[in-house]
Amino acid sequence: MKGLAMAQVVVESEVTGTVWKIAVAGGDDVAEGDQLMIVESMKMEIPVEAPISGRITLLHVAEGDTINEGDPLLTIG
């Protein structure tokens, strides 16, 4: 169908911490449940998974960045 656009989903941090490892890059295709990155918080490694299938359109953070709960991490569209 013409004129249909995919929704953009901004994945936000669920915790305050540090971006430890990013497993994807802009333009990568991901499936729902794929690991996108790992956030370190209080000496725990917390995986961030894709809530939907799609393509990474924008990374909002880099490895080593300090993040707060609710900060945007990346956009999937």
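This briefing describes selected features of the structure shown above. The model is predicted. Its largest nonpolar core has 16 residues, and the structure holds one salt bridge.

**Nonpolar core**

- Within the largest nonpolar core, the residues with the most contacts are Leu36, Met37, Leu74 and Ile76.
- Strands β2 (17-22), β4 and β8 (72-76) each give two or more residues to this core.
- In soluble globular proteins, nonpolar side chains tend to be buried together.
- Leaving aside residues up to four places away in sequence, Leu36 touches Val11, Ile22, Ala23, Val24, Val30, Val48, Glu49, Ala50, Ile56, Leu74 and Ile76.
- Leu74 and Ile76, which are among these contacts of Leu36, are also listed with Leu36 among the residues with the most contacts inside the core.

**Salt bridge**

- The one salt bridge of the structure joins the side chains of Asp29 and Arg55, with an N to O distance of 2.9 Å.
- This pair links distant parts of the chain, as Asp29 is in strand β3 (residues 29-30) and Arg55 is in strand β6 (residues 54-59), 26 residues apart.
- Asp29 counts as exposed because its relative accessibility of 54% is over 50%.
- Arg55, at 42% relative accessibility, counts as partly exposed.

- With residues up to four places away in sequence not counted, Thr75 touches Gln8, Val9, Val10, Arg55, Ile56, Thr57, Leu58 and His60.
- Among these contacts of Thr75 is Arg55, whose side chain meets that of Asp29 in the salt bridge.
- Ile56 is touched by Thr75 and also by Leu36.

- Most residues other than glycine have a negative phi.
- Met42 is exposed, with a relative accessible area of 77%.
- Lys43 is exposed as well, with a relative accessible area of 81%.

Note on methods. Residues are numbered from 1 along each chain as its sequence is written. This is a predicted model: local features need pLDDT of at least 70, side-chain atom pairs count only at pLDDT 80 or more; totals for chains, interfaces and linings use all residues. Side-chain values use heavy atoms; hydrogens and water are left out. Buried means under 20% relative accessible area, exposed over 50%, partly exposed in between (1.4 Å probe, protein chains only). A salt bridge is a side-chain nitrogen of Lys or Arg within 4 Å of a carboxyl oxygen of Asp or Glu. Helices (H or I, at least four residues) and strands (E, at least two) are DSSP runs, numbered from the N terminus. A nonpolar core is a set of buried Ala, Val, Leu, Ile, Met, Phe, Trp, Tyr and Cys residues joined through side-chain atoms within 4.5 Å. Contact means heavy atoms within 4.5 Å.
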